[in-house]
Amino acid sequence: MQNHQKLHLSKMGCGTWAWGNRLLWGYDPKMDEELQAVFNLCVENGVTVFDTGDSYGTGRLNGRSEMLLGRFCREYVGPNQEDICIATKLAAYPWRLTRGSMVSAGLSSADRLGKKVDLVQMHWSTANYAPWQEGPLLDGLADLYERGEVKGVGLSNYGPKRLKWVHRRLGDRGVPIATLQVQYSLLSTDPVTELGVKEVCDELGIRLIAYSPLALGILTGKYSENGPFPKGLRGWLFKRLLPGCRSLLDCMEEIGRSREKTMAQVALNWCICKGAIPIPGAKSVGQARQNIGALGWQLDSGEVAELDKAAAGTDKKMVQNIFQTG
C-alpha cells in the first residue's frame, strides 16, 4: 500500500554526515550527550532535516549513526517535533545485487532508527563501473515506497543524464524522486554550472541538496595557506586548495563583515540563495549555532554575483566525488 503522507523538507537541513565519520572512532558517552544537544538545538530552531547513511558507522559499530539519530528523535520533546525528517542513504555495496537486498537494507535502517525512514536515498550511482547493478537497486527503493515503508525516494551523486533515466524508470511505477544530493559549494560549483543539475531538478520538481557546503571546513575561514593543516588526506587537500582561493575567502570575509555574519554563514546562505538545501555537519553546539545563523536573512543579488565571480576565479576546485555521474 503506497504511503501518501507528505514529505516535509525545511529550508535548511543540518546533516549528520560529519557525525557518521566521527562515530567511526568508537563509543563516547560524552560525545553522545553533545550530539543530542546539537540535535535538540537544531530542531528547536526549525532545522528539521537530518541526513545520514547506513554506511556511517559500519563494521563493529553496526550502523551507529542511524541508531544515535533514532534515539535523539525519540528523546526530543519540544517545538517542531512533528516536522523532523530523517533521510538516510543506502549504499550500493558490491554485494547488494537485487531489489530484495535494497528492501532489506531499508528495513534494517528503520530498525536502527526505531522508526520508518522519511526519505530513503540511493547513496551513489553504479553507472560509472557496474551499470547493470543499478536497476534492481532502484527497483528496491521503489518497492519501499510502494509498500509505505518510506515517504519519499531520493538520489545522491547523479548527473542530469542519469537523473533523467532514473526519473523515467521510477516514473513508470508512479514513484516520484523527491531530492538529489550533489557536492555543491563555492568551491564545488561544477554539478550546477557545468552539469546543469539544478535546471533538470527544477524541470522535474526535485529538491537539490548540497552536501559538503563548507568544503570540509575550508570555507569557514578557520584555515590559511600557511597552516596548520588537518592531518592525512584532508591536510593534503587543504594545502592544494587554499593558496588558490584567497580571493574567494577575502570576498566572503568582506561580505560577512558587512553583514555581521561569519564566513561559514555566508557560504551556507549562498547555497540557500542558489535554491539548494545545505546539509553542514555539526559536532558541537557551537558549530550548530553557527549553522543556524545562516538562516533568517538573505544575501542580495549583488553579493551573490560577487561570490560567483570570486568562486569562478579560483584556480583549483574541490575534488569531485568519483561516483558523480554525467
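Some ground rules. Residues are numbered from 1 along each chain as its sequence is written, and side-chain values use heavy atoms, with hydrogens and water left out. Because the model is predicted, local features need pLDDT of at least 70 and side-chain atom pairs count only at pLDDT 80 or more, while totals for chains, interfaces and linings use all residues. Helices (H or I, at least four residues) and strands (E, at least two) are DSSP runs, numbered from the N terminus.

I start with the sheet. It is open, it has 7 strands in the order β1-β2-β3-β4-β5-β6-β7, and the pairing is parallel; two strands pair if DSSP finds at least two bridges between them. The edges are β1 (49-53) and β7 (276-278), each with a single partner strand, so one side of each has no neighbour in the sheet. On average, neighbouring strands are turned by 30° against each other, direction ignored.

Val153 has Ile177 in β5 as its bridge partner.

Helix α3 (residues 64-75) packs on this sheet and touches β1 and β2 (85-90), and its direction makes about 155° with that of β1. Contact means heavy atoms within 4.5 Å. Axes are lines fitted to C-alpha atoms, for helices over the stretch in contact, and angles run from 0 to 180 degrees between N-to-C directions.

Which residues of α3 are buried? They are Arg64, Ser65, Glu66, Leu68, Leu69, Gly70, Phe72 and Cys73, where buried means under 20% relative accessible area (1.4 Å probe, protein chains only).

Helix α4 (residues 99-113) lies across β2 and β3 (117-122), at about 140° to β2.

Now helix against helix. The axes of α10 (residues 246-259) and α11 (residues 263-273) come within 8 Å and cross at roughly 100°. That makes α10 roughly perpendicular to α11, a label for angles of 65 to 115 degrees. Leu249, Met252, Glu253, Ile255 and Gly256 of α10 meet Met263, Val266 and Ala267 of α11.

Helix α11 also packs with α13 (residues 301-312), at about 105° and with the axes 11 Å apart. These two are therefore roughly perpendicular as well. Val266, Trp270 and Cys273 of α11 make the contact with Val304, Leu307 and Asp308 of α13.

Terms used:
Parallel < 35°, antiparallel > 145°, perpendicular 65-115°, else oblique. Buried < 20%, exposed > 50% of the residue type's maximum accessible area, 1.4 Å probe, protein only.
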